[in-house]
Amino acid sequence: MTVLVVGAGVIGCAIALELARAGCRVTLLERAVPGAEASGAAAGMLAPLGEGAPTAFRELALASWRLYPELVRELRERTGVDVEYVTRGTLYPLFTAEAVRQARAQATGALAAELGVELLDAAAVRACEPAITPAACGALFVRGDHWVNNERLVVAWAQAAVAAGVRLRTGTTVHRIEVDGDRARGVLADGERLAADAVVLAAGAWCGALAASFGGALPVAPRRGQMVALAHVPPLVGHCLHGEEVYLVPRPAGELLVGATVERAGFERAVTAEGVLGLLRAALALVPALASRPITRTWCGFRPWAPDDLPILGPWPGIEGLWVATAHFRNGILLAPITGRLMAEWITRGRPSLPLEPFLPDRFVGAERSWTRTS
């Protein structure tokens, strides 16, 4: 089977690698370089508990989180790339009695043992992170929250895919998905028609435009995320800190990532004064001593969002050979391993090993009016 995967972000690279392992002849098409968009504008957090995530998403996230230790080992063996896999866990600071009550319930839930969830009082929080604001009356500590260097991760995944036989074409813009009747035939890329048995749309926030190229409608919209990096030598923070309005992720190379905004700004590529100011205010509220640290860089990216905040995964309804893997929103890095595995299973074997009904593209078919109002 020949497969064209459109988009070489972390999702596209993961799918391409798994398809190649399954014996497919895969071409991975990317208009820039691997990880140039949402995959590069992330902090690399692997936090399966999520932010009030629904059950279906959480099960998918946990399945992917469980794959990461072996994935990291394999990518390093195959490519020599160290993706800076850090396993020190996340502190979620608490500031009210009600927040402590809710956290106590999480610390005794069904997943608490596997994820290493525990409730810390104020003294324990200060022992873990002396620089944290004294306003914190406790914290939920999730030892199972890990993080990676997302830029390195995408590079490693792309290299592993190429080593497995994937043909990577960078600087190649796909303008149209070629559909003949009820079957996908390939793509038109920079004036060249490329034929394939199957096409996978994994182009993130641009999947909506690709769907429109053959008359389809896919409710995927960009959500701009701005981020800031601060110099972090000597380090002030040892764990990932996740507040209500900001998260702080220490990188081994000496940076502290501060993120991230979620903005309806279309595809306007800009780092704004308002965005940076909001992030820095929230960061200083968590760790006041960061005030003297230099800003080393700022950047932004466009995360693919669907109206129900869930990924869109699976076959395009009514068109044989056309598949979609997008709308991972703020969880593309976390969900990439399971997405690659399940999509490859589906395409090559006819069914995935986990139920994915809540994520099917056809949940939006016939509902254009409802989702266009919210996009």
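This is a predicted model: local features need pLDDT of at least 70, side-chain atom pairs count only at pLDDT 80 or more; totals for chains, interfaces and linings use all residues.
## Asp 309

Asp 309 has a relative accessible area of 46% and is therefore partly exposed, since that class lies between the cut-offs of 20% and 50%. Asp 309 is situated in the loop that runs between β17 (295-305) and β18 (312-315).

The backbone of Asp 309 also deserves attention. Its phi is positive, at about 65 degrees, although Asp 309 is not a glycine. Most residues other than glycine have a negative phi.

## Asp 190

A positive phi is likewise found at Asp 190, a residue other than glycine, where the value is near 50 degrees. The loop that holds Asp 190 lies between β10 (183-189) and β11 (192-195).

Is Asp 190 buried, exposed or partly exposed? With a relative accessibility of 44%, Asp 190 counts as partly exposed.

## Cis peptide bonds

The next topic is the peptide bond. Most peptide bonds are trans. Which residues does a cis peptide bond join at an omega of about -5 degrees? They are Val 233 and Pro 234. Pro 234 belongs to the loop between β13 (221-231) and β14 (240-242).

A cis peptide bond also joins Gly 259 and Ala 260, with omega at about -15 degrees. Ala 260 is located in the loop that lies between the strand β16 (255-259) and the helix α9 (273-286).

Note on methods
Residues are numbered from 1 along each chain as its sequence is written. Side-chain values use heavy atoms; hydrogens and water are left out. Helices (H or I, at least four residues) and strands (E, at least two) are DSSP runs, numbered from the N terminus. Buried means under 20% relative accessible area, exposed over 50%, partly exposed in between (1.4 Å probe, protein chains only).
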